[in-house]
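Subject: Structure handover

Hi there,

My notes on it follow below.

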Amino acid sequence: MKAIMIREPGGPEVLEWTEVDDPAPGPGEVIVDVVATALNGADVAQRLGLYLVPPGASPYPGLEVSGRISVLGEGVSGWQVGQEVCALLTGGGYAQKVAVPAGQLLPVPEGVGLVEAAGLPEAAATVWSNAVMTAHLAEGETFLMHGGAGGVGTMAIQIAKALGARVVTTVSGADKTARVRELGADTTIDYRTEDFADFGPYDVILDVIGGQYLERNVQSLNVDGRLVIIGMQGGFEGKLNLVELVFKRKSVFGTALRSRPAERKAEIVAALREHVWPMIEDGTVRPIVDQILPLSQAARAHQLMADSQHVGKILLVNE
């Protein structure tokens, strides 16, 4: 089979579409013939040498796929060869085939195309596991999503709105502002000219920026507010005033989905199937796809992500 290899850390040009060995299923795994995969920030970080691949994970980038099951490993039940699925991965999605623990498989939601489904698992799992399972976002609360136009952001806006939250998000530019408002954002903040701290307080903040925003994020939280940091685009260090945490009972969580054990990922995937998939099937939440490119053009797709003009997901399809 072919897969995208990262020759060495660097720009998009280091991504190489090349022949590699086929994966073999371990106990409790299936082989999925990949129809499509999707770009995520972790793929870019891995390409740049800033994200270490977890032990035992595939060296190829790609944290989600859609496709068809071609092989059932030992002990797998409840799934069939030929079944169309999408899946949350620890790596290996930029390939023609991938081995997936059965607990990380999801059926393709009714009403969603097989290619589009590739952009669902990682964003949905990131939002639900952090905003709901960790921060316990509730109806009537105010939710701030930094970077509302990205793959996670567009999913977070829709899920938070469906849960009855007041949704605030940071974006840049009139086009992105219009798009996220269509998805349900109640308030949009242009981070180039406005300070999100002026629009608080917030009960829950989902943050992809990290160090640069840490102090203002915490100051912007309501009493009993929860900040969940899922990215570090703005640096690895920041100031933290413990008085804000202690006397106003604020909480700060740092999480990473990729490095969680398979058992925990299976719990998250089961929660998606129970809570988020019905939202997708009734049209409350929908996949937002910006562009679809051939997997062999992964370098071009990474450059498009770097240009940051997209809204929603960039997908890669096997030719």
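By class, the residues lining the second largest pocket are 14 nonpolar, seven polar and seven charged. Please keep in mind that this is a predicted model. The volume of the second largest pocket comes to about 440 Å³. It has 28 lining residues, and those closest to its centre are Gly 56, Ala 57, Ser 58, Gly 91 and Ala 99. As for secondary structure, strand 6 (97–101) and helix 7 (262–281) each bring at least two residues to this lining. The most comes from strand 6, which gives four residues.

A search of the whole structure turns up one cavity of 30 Å³ or more. The space in the largest cavity is about 50 Å³. Helix 3 (residues 151–162) contributes the most here, with four residues.

Lys 313 belongs to strand 15 (residues 313–317). Is Lys 313 buried or exposed? Its relative accessible area is 5%, and because the cut-off for buried is under 20%, Lys 313 counts as buried. Its side chain makes a polar contact of 2.7 Å with the side chain of Asn 40, and another, of 2.6 Å, with the side chain of Glu 64. Setting aside residues up to four places away in sequence, Lys 313 touches Ala 38, Leu 39, Asn 40, Glu 64, Gly 119, Ala 123, Gly 151, Ile 288, Val 289, Asp 290 and Gln 291.

Just after helix 2, His 136 has a positive phi of about 55°, in case you are checking backbone angles.

Now for the nonpolar packing. In soluble globular proteins, nonpolar side chains tend to be buried together. In this model, the largest nonpolar core has 66 residues. Trp 128, Phe 143, Met 155, Leu 272, Val 276 and Trp 277 are the ones with the most contacts inside this core. Helix 7 provides the largest share of the core, with eight residues. Apart from this core lies another, of 14 residues, including Val 34, Ile 69, Leu 89 and Ala 102.

Leaving out residues up to four places away in sequence, Phe 143 touches Ala 131, Leu 137, Ala 156, Ala 160, Ala 165, Arg 166, Val 167, Val 168, Val 204 and Leu 206.

Finally, two loop residues. Val 115 is in the loop between strand 7 (105–107) and helix 2. With a relative accessibility of 27%, Val 115 counts as partly exposed. Beyond residues up to four places away in sequence, Val 115 touches Val 35, Ala 36, Ser 66, Ile 292, Leu 315 and Val 317. Val 115 and Val 246 are 131 residues apart along the chain, and their C-alpha atoms are separated by 47 Å.

Gly 164 is in the loop between helix 3 and strand 9 (166–171). Gly 164 is partly exposed as well, at a relative accessible area of 33%. Which residues is Gly 164 in contact with, leaving aside its neighbours within four places in sequence? These are Glu 139 and Gly 140. Gly 164 and Ala 185 are 21 residues apart in sequence, and their C-alpha atoms are 12 Å apart in space.

Happy browsing, and do write back with any questions.

Best wishes

How values were computed:
Residues are numbered from 1 along each chain as its sequence is written. This is a predicted model: local features need pLDDT of at least 70, side-chain atom pairs count only at pLDDT 80 or more; totals for chains, interfaces and linings use all residues. Side-chain values use heavy atoms; hydrogens and water are left out. On a 1 Å grid over the protein atoms alone, a cavity is a set of points where a 1.4 Å probe fits but cannot get out, and a pocket is an open set with protein on both sides within 12 Å along at least five of seven lines; lining residues have an atom within 4 Å of a point. Grid points are joined across faces, edges and corners, and a volume is the space filled by probe spheres set on the points. A polar contact is a pair of N or O atoms within 3.5 Å; within protein, one must be able to donate a hydrogen and the other to accept it, and residues adjacent in sequence count only if both atoms are side-chain atoms. Ala, Val, Leu, Ile, Met, Phe, Trp, Tyr, Cys and Pro count as nonpolar, Asp, Glu, Lys and Arg as charged, and the others, Gly among them, as polar. A nonpolar core is a set of buried Ala, Val, Leu, Ile, Met, Phe, Trp, Tyr and Cys residues joined through side-chain atoms within 4.5 Å. Buried means under 20% relative accessible area, exposed over 50%, partly exposed in between (1.4 Å probe, protein chains only). Contact means heavy atoms within 4.5 Å.
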